[in-house]
Structures are given as structure tokens and as C-alpha cells.
Amino acid sequence: MRGAIVFSGSSHPQLVDGICDRLGAKAGSAHLTKFANGETCVQIHTSIRDQDVFIVQSGSEKINDSVMELLIMISACKGGSAKSITAVMPYFPYSRQSKKKSHRGAITARMVANLLHVAGVHHVITIDLHASQMQGFFKCPVDNLVAEPLLARWIRVNVPNWREAVVVSKNPGGTKRVTSLADALKLSFGIVTTDRRRAATSVRWNESAIYERLGLDGSYDTTGLVEATFDVDAHITPLSSPSYNPRAELGKPKPRAHAGSTPLQRRSVNGEALSSPLSKSTRINSVTEPEAPREDLRVSTAGSDKGEEESGDEYTDERARDVIHGRLVHGHIVDENHPSPAMSAVSSSTYHRNRPPSDGENDAVPDHMMSSFISTTSSLHQPRNSEHALGGTVDAAASSEEEEEDLKNPELETMVTLVGNVKDRPVFIVDDMIDKSASWIAAAETVVKRGGATKVYCMATHGLFGGDCLEEMYYCECIDKIVVTNAFPIPERKQAEAREKLVILGVDNLLAEAIRRNHHGESISQLFMHI
């Protein structure tokens with residue numbers, strides 16, 4: 001390593017010691033201090049003229065100080081006439097803010113990349129970016145290493161029946177990372193998704209004033225509904241019978257509606273009422289049946305559909321058995337008979353969805369129901385005072401931070417879905433970082449209590465363990481092991497919280513080999529391979 005020198009920031013000195021030990025070199029001497037007002041001061045005590053400088057600085061609990069310290073060290077090395085400056089950042093700060101989440105939000109990860117460029121960096125080495133497309137933020141080459149070979153090697157050595165295991169993603173956003181590990185180990189994979197149970201915010205489609213007046217022939221009775229919109233001298237003839245005979249209509253002339261009329265303004269011609277356009281698509285054998293009460297109609301329809309499914313030769317997908325649903329209350333799996341924490345919200349939704357159409361009620365018809373029929377059937381209504389990021393709907397995928405808040409909310413019930421067969425198999429739940437425990441505990445309880453998994457291993461590259469995350473995961477009986485790397489520094493006090501459940505894999509050799517190959521101009525392709 002002649003012509004190269006490695007400097008250590010204050011965030012992770014143990015990692016730098018391991019890298020220098022692997023390279024057989026000694027870390028450069030730098031003095032890092034702070035003034036009384038918190039300003040960072042950096043002094044380089046080693047000659048770096050015409051040298052390849054590598055500055056190792058990962059994240060820490062004081063992430064802003066770590067970023068500022070790195071920028072000052074880069075600027076100091078640039079002023080010291082270094083040949084090249086490479087920032088080795090095992091955990092890239094602000095990587096979760098790689099896109100706008102609101103109209104007035106900031107893409108902070110791009111801003112950090114611009115700051116590194118302005119400071120004078122020539123190359124960046126990192127591990128498992130939160131989003132791989134973040135490499136486009138940089139104006140210099142980026143080596144985005146992966147910890148997947150390390151995790152795969154640990155699985156092969158420490159899990160006895162790993163060939164029967166299933167790799168599971170705790171959210172749809174991590175599917176690509178999970179499938180990559182599953183393909184490397186030739187294992188099956190699954191997905192756990194959560195969905196918030198929302199209260200009814202608008203009148204359901206079966207409460208539409210138009211739907212309640214639909215007949216079996218597709219025509220609808222508008223008596224008393226739109227008379228106010230007609231002309232004063234207009235005459236409306238109500239429908240006399242819901243039955244419809246298409247043969248009797250063949251010899252009759254087709255009346256022409258008024259050019260300025262709307263779909264609801266059905267005028268009578270020669271005493272014959274115009275039927276709805278829906279009648280053209282109505283089955284002939286269904287219009288001759290007498291009109292039945294709506295409750296009986298729903299029951300009979302469900303029964304007939306069930307009979308048709310049993311009697312018909314339809315293809316049955318066996319994989320549908322691998323889809324399991326469950327209820328999450330306060331982030332934990334509960335039984336189906338468990339009372340909902342938000343009965344008012346759930347009962348309101350159930351009431352509007354299941355109750356029969358209103359008869360003789362004085363409920364006011366909202367204005368949006370008169371604008372179009374689709375507006376009453378849409379499920380995308382939001383409360384008037386709610387706003388979503390970038391104008392999206394409430395059905396848009398929520399971020400991981402919002403998911404964690406929903407699972408921690410004791411007044412909110414969440415539906416969880418497990419896709420994949422994990423019965424009597426060990427499960428590897430994989431993601432790029434572990435920051436909060438709610439989604440990990442929810443996924444672990446789902447695969448164990450609903451899926452029937454034997455053991456659960458929570459695996460990630462970066463163990464941030466914010467707050468009481470590590471302690472909560474340790475006391476979760478469904479989690480057997482927590483496997484992370486030392487890319488992000490884990491304090492000793494937090495390691496003591498997990499005791500024997502926590503496994504830390506070293507990335508010293510991976511980063512040391514990347515530094516050596518970068519200095520000598522060699523290819524780093526082999527660092528991405530499974531050996």
C-alpha cells in the first residue's frame with residue numbers, strides 16, 4: 001500500500017483498526033477537536049502530498065457531526081495536495097431521504113452528494129445504499145458494495161437446515177433485495193405486507209340514490225329525485241313494471257331524446273317511458289323473474305355463484321393456499337375475535353358496507369353523488385382536510401416511517417398479509433437496515449403465529465437500532481437471531497441489551513479489499529460474488 005494512507009473519522013475507529021490490520025498499514029495521524037461552541041476542527045499531522053487518501057467515516061448517533069467532520073477532512077486533504085481523495089462511507093447518511101415525500105420536501109441524499117463533490121472528493125465507497133439509484137446523485141464514481149455474500153456465508157455455516165428455509169421481505173419495497181439472496185441460496189421467498197383499516201369517509205356505492213332505484217331490467221326510477229331539474233311543463237311517467245320484453249320493442253319506433261337532456265332526464269314519448277341504456281346489456285332470462293327483496297337477492301346471488309364455482313370445471317391455483325391474512329393491533333398479531341381498538345372507525349365502515357339500502361330515510365344526498373355514478377363507487381375518497389404527498393391518493397404505498405407509526409399506534413388496527421409457504425421452515429427476514437422494531441416484530445409474529453415457521457432470523461446490513469429497538473426485538477419470543485454487520489457502529493450498552501441474540505458480522509475485510517483494489521487499479525467485481 002505504498003502511496004496510500006487511511007484516515008479515521010471519529011464515528012467508527014474500531015472499523016478503521018480492522019481495515020488497517022487487514023492492509024498491514026498504519027492509520028494516518030489526524031487531530032479532531034471541537035471548539036466550545038461545537039465547531040469541528042481538523043488538523044492533518046501526516047504528509048499527504050501526491051498520496052491516495054482514504055477517509056473512513058460511517059454514520060453514528062450524532063450523524064450531523066459525522067457528516068460535517070467528513071467534509072472538513074476532505075477539504076483539509078484537498079488543501080494538502082492529495083493525489084486523490086476517497087470517502088469510505090459504509091453507511092451513507094440521509095440515504096432514506098432519496099426522494100421527495102411532500103410538495104415542499106427536500107432530497108437530502110442528493111444534497112449530501114453535492115456537498116461531497118464541493119468539498120473535493122474523487123471517489124466514494126459505500127455498502128448497500130438504501131436505493132441503488134442514488135448513485136446518480138454523485139458527480140464521481142461510486143462503488144456500492146453489498147453485504148449479501150457475508151449474510152449468505154453465515155447462513156450456510158450457522159443454520160443447520162438452511163436449504164429448507166424461506167427468505168421473506170417485511171415490506172414490498174425490499175422484494176428485490178430478498179429475491180437476490182433467495183436466488184443466491186436457491187431458496188423460496190415470501191412477502192409480508194400491511195394495510196391500514198380505514199374508516200368510511202364517504203357514502204358507499206350501495207347507498208347511491210341511483211343504485212337503489214335500479215330495476216332488474218337495468219332501468220331506474222327517478223321519481224322525486226331530479227324533478228327539480230326538469231322544465232316546468234315537463235311530464236314524467238313513472239315506470240309501471242320492472243319487466244322488459246325485447247321482442248315487443250322490435251316493432252316500435254325508437255323515440256329520440258331531447259338534444260339538451262342529460263342521462264337522468266328521461267322524457268316520455270307517446271306514453272312509453274324510455275329505459276336505461278343498461279337494459280341493453282341485461283340478460284333476457286333474468287328480467288322475467290319477479291323482483292325480490294334486496295337482502296334475499298344478495299343471499300341468492302352468493303349462493304348461485306358458489307354453486308357455479310363448485311359445479312364448473314374451473315382451474316384452482318394451489319398457490320392461493322400460501323396467502324395468509326391476520327390482524328395487527330399495536331404491532332402484534334391478535335385473534336379474529338379480539339376487539340378492535342378503534343370500534344367507532346371499524347364499525348362505521350362495516351355499517352356503511354353491509355347495511356341494506358335505505359328506505360324512506362331522510363339522509364341528504366351529497367353533491368358528488370349527483371355529478372357522476374363513478375364518483376359514488378370510487379374507493380379513493382379522502383377526508384376533506386387530508387393531503388397526501390405529491391397529490392397522491394390514500395391507496396399509495398406508505399413509507400416505512402409511516403408504517404412504523406401505524407404499527408405503534410394503539411388506536412389503529414392493521415391488516416397483515418403473508419404470501420408464501422413458511423410452515424415448518426426457518427425464515428430469514430431481510431432488509432437493508434434495522435432502525436425501529438415494530439415492522440420486524442410484526443413480520444416475525446406473522447410468519448410464526450400465522451405461517452407456522454420454526455425459527456426466525458432478522459438480517460440486515462446496517463444495525464441502527466434507534467431508541468429501544470434492540471431491547472424490544474430481544475424480548476420478542478418469535479425472533480431467534482438478529483444478524484447485522486458492523487458497518488454502522490453499535491455501542492456496547494446496546495450490544496448488552498441483546499446478549500446472545502445479536503450477531504455482528506465484520507465488514508473490515510470487504511472494505512480493506514475494496515481499498516486495496518481501488519488503489520492498485522484492479523477490478524472489484526469479485527467482491528460481489530458468492531464464494
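A residue counts as buried when its relative accessible area is under 20%. By that cut-off Glu513, at 14% relative accessibility, is buried. The model described here is a predicted one. This briefing covers its salt bridges, which come to eleven, its aromatic pairs, which come to five, and the packing of helix α1 against α15.

- Glu513 and Arg517 form a salt bridge in which the closest N and O atoms are 2.9 Å apart.
- Both residues belong to helix α15 (residues 508-520), and because they are four residues apart, about one helical turn separates them.
- Arg517 has a relative accessible area of 12% and is therefore buried, as is Glu513 at 14%.
- This pair is part of a network: salt bridges with shared partners connect Arg22, Glu513, Arg516, Arg517 and Glu522.

- Lys494 is bridged to Glu61, with 3.8 Å between the closest N and O atoms.
- The two residues of this bridge are 433 residues apart: Lys494 is in helix α14 (residues 492-498), whereas Glu61 is in the loop between β4 (52-56) and α2 (63-79).
- Are Lys494 and Glu61 buried or exposed? Lys494 has a relative accessibility of 8% and so counts as buried, while Glu61, with a relative accessible area of 53%, is exposed.
- Another salt bridge joins Lys170 and Asp431, whose closest N and O atoms are 3.5 Å apart.
- Lys170 and Asp431 are both buried.

**Aromatic pairs**

- In general, the distance of the centres and the angle of the planes describe a pair of aromatic rings.
- One of the five pairs consists of Tyr91 and Phe488, with ring centres 5.3 Å apart and planes at 90 degrees, so the arrangement is edge-to-face.
- Tyr91 is in the loop between β5 (84-89) and α3 (108-119), and Phe488 is in the loop between β15 (481-485) and α14, so the pair ties together parts of the chain 397 residues apart in sequence.
- Tyr91 and Phe488 are both buried.
- How are the rings of Trp154 and Tyr457 arranged? Their centres are 6.0 Å apart and their planes lie at 70 degrees, so this pair is also edge-to-face.
- Trp154 belongs to helix α4 (residues 148-158) and Tyr457 to strand β14 (residues 456-463), so the contact ties together parts 303 residues apart in sequence.
- Trp154 is buried, and Tyr457 is buried as well.
- Together with Phe428, Trp154 and Tyr457 make up one aromatic cluster.

**A charge over a ring**

- Lys501 is positioned over the face of Tyr474, at 5.6 Å from the ring centre.

**Packing of helices α1 and α15**

- Two packed helices are described by the angle between their axes and by the distance between those axes.
- For helix α1 (residues 13-23) and α15, the angle is about 55 degrees and the axes are 8 Å apart.
- This angle makes α1 oblique to α15.
- The crossing of α1 past α15 is right-handed.

Methods
Residues are numbered from 1 along each chain as its sequence is written. This is a predicted model: local features need pLDDT of at least 70, side-chain atom pairs count only at pLDDT 80 or more; totals for chains, interfaces and linings use all residues. Side-chain values use heavy atoms; hydrogens and water are left out. A salt bridge is a side-chain nitrogen of Lys or Arg within 4 Å of a carboxyl oxygen of Asp or Glu. Buried means under 20% relative accessible area, exposed over 50%, partly exposed in between (1.4 Å probe, protein chains only). Rings of Phe, Tyr and Trp (its six-membered ring) pair if their centres lie within 6.5 Å; planes under 30 degrees apart count as stacked, over 60 as edge-to-face and the rest as tilted. A charge sits over a ring if NZ of Lys or CZ of Arg is within 6 Å of the ring centre and within 35 degrees of the ring normal. Axes are lines fitted to C-alpha atoms, for helices over the stretch in contact, and angles run from 0 to 180 degrees between N-to-C directions. Angles under 35 degrees count as roughly parallel, over 145 as roughly antiparallel, 65 to 115 as roughly perpendicular and the rest as oblique. A crossing is left-handed if the near helix is turned anticlockwise from the far one by less than a right angle, and right-handed if clockwise.
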